[in-house]
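Subject: Structure handover

Hello,

Here is the structure we talked about. Please open it alongside this note.

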Amino acid sequence: MTRNRRLARGRLDYPGIGSTEHGRAPDGIPWVVTQAYLGDGPALYRRVAHGILAWQLQKRSGLRVRTDSDVVVPGARVVSGFGVGPFRINAPCEVVWVRRPVPGDGPQSAGFGYGTLPGHPVRGEEAFEVELDGEDRVFLKITAFSRPSSWFYAAGSAVTGRAQRHVTNRYIGSAHELAAGES
């Protein structure tokens, strides 16, 4: 279900739009890849893929999530927020690519990447993928590249980095919940 498209304004404005889909960061921008083993089997893979494509990593991680689409689709906008009251940081993004599960049980991956919009603390992209390998092992892979969006966030880069690591750990916990079939 699509809602009001004015959820987040502006346009994608960073180098390398869509780069997380192909595993290559733009030159000179820090790139981070985090991978976590979730379990085994196509059923587990599909459960996690469905959750990722319904914003469940973000919602289960403790972020306040507002989106203009109940499912992840190219062009969907989402604003994730964390913090309290006047100390809440909102992070508007737009989905730049989506990969859905394909029929069959062979190796594959599903997920999406989104890029930052004006008002986000960083400029860059982040991707969330679940992978089923040739031995039926299932992994969560989170890929990101970014730079601070302003001098203010650059000055607090140590805090921003800790916040990003904290949220990534929460995403991994959310993926484990999805893998376990927790509602």
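A contact here means heavy atoms within 4.5 Å. On that basis, residues 24 or more positions apart supply 63% of the protein's contacts with a separation of 6 or more. Please keep in mind that this is a predicted model.

**Overall layout**

The protein has 5 helices and 7 strands. Starting at the N terminus, the order is α-β-α-α-β-β-β-β-β-β-α-α. There are 183 residues, and 46% of them count as buried. The exposed surface comes to about 9,400 Å². Carbon and sulfur atoms supply 54% of that surface.

**Strand pairing**

Strand β4 covers residues 89-99 and pairs with β3, residues 77-82. The two run antiparallel and are joined by 6 bridges. Val95 has Tyr114 of β5 as its bridge partner.

**Tyr14**

Tyr14 sits in the segment before α1, which spans 19-22. Is Tyr14 buried or exposed? Its relative accessible area is 6%. The cut-off for buried is under 20%, so Tyr14 counts as buried.

What does Tyr14 touch, leaving aside residues up to four places away in sequence? The list is Val96, Gly115, Thr116, Arg123, Gly124, Glu125 and Phe145. With Glu125 there is a polar contact, side chain to side chain, at 2.4 Å. Val122 is a further reference point for Tyr14: the two are 108 residues apart in sequence, yet their C-alpha atoms are 9.8 Å apart.

**Salt bridges**

Side chains of opposite charge can pair when their charged atoms come close. How many salt bridges does a search of the whole structure find? The search gives 7.

Asp13 is partly exposed, at 44% relative accessible area. Arg123 is partly exposed as well, at 36%. Arg123 is also among the residues that Tyr14 touches.

*Arg99 and Glu129.* Their side chains meet in a salt bridge at 2.6 Å, N to O. Arg99 belongs to β4 and Glu129 to β6, so the pair ties together parts that are 30 residues apart in sequence. Arg99 is partly exposed, with a relative accessible area of 23%. Glu129 is buried, with a value of 5%.

*Asp133 and Arg137.* This salt bridge is 2.7 Å, N to O, between the two side chains. Asp133 has a relative accessible area of 19%. The limit for buried is under 20%, so Asp133 counts as buried. Arg137 is partly exposed, at 34%. Both residues belong to a network of salt bridges that also takes in Glu135.

**Where to look**

Best wishes

How values were computed
Residues are numbered from 1 along each chain as its sequence is written. This is a predicted model: local features need pLDDT of at least 70, side-chain atom pairs count only at pLDDT 80 or more; totals for chains, interfaces and linings use all residues. Side-chain values use heavy atoms; hydrogens and water are left out. Helices (H or I, at least four residues) and strands (E, at least two) are DSSP runs, numbered from the N terminus. Buried means under 20% relative accessible area, exposed over 50%, partly exposed in between (1.4 Å probe, protein chains only). Accessible areas come from the Shrake-Rupley method with a 1.4 Å probe; for residues, only the protein chains shown count as cover. Two strands pair if DSSP finds at least two bridges between them. A polar contact is a pair of N or O atoms within 3.5 Å; within protein, one must be able to donate a hydrogen and the other to accept it, and residues adjacent in sequence count only if both atoms are side-chain atoms. A salt bridge is a side-chain nitrogen of Lys or Arg within 4 Å of a carboxyl oxygen of Asp or Glu.
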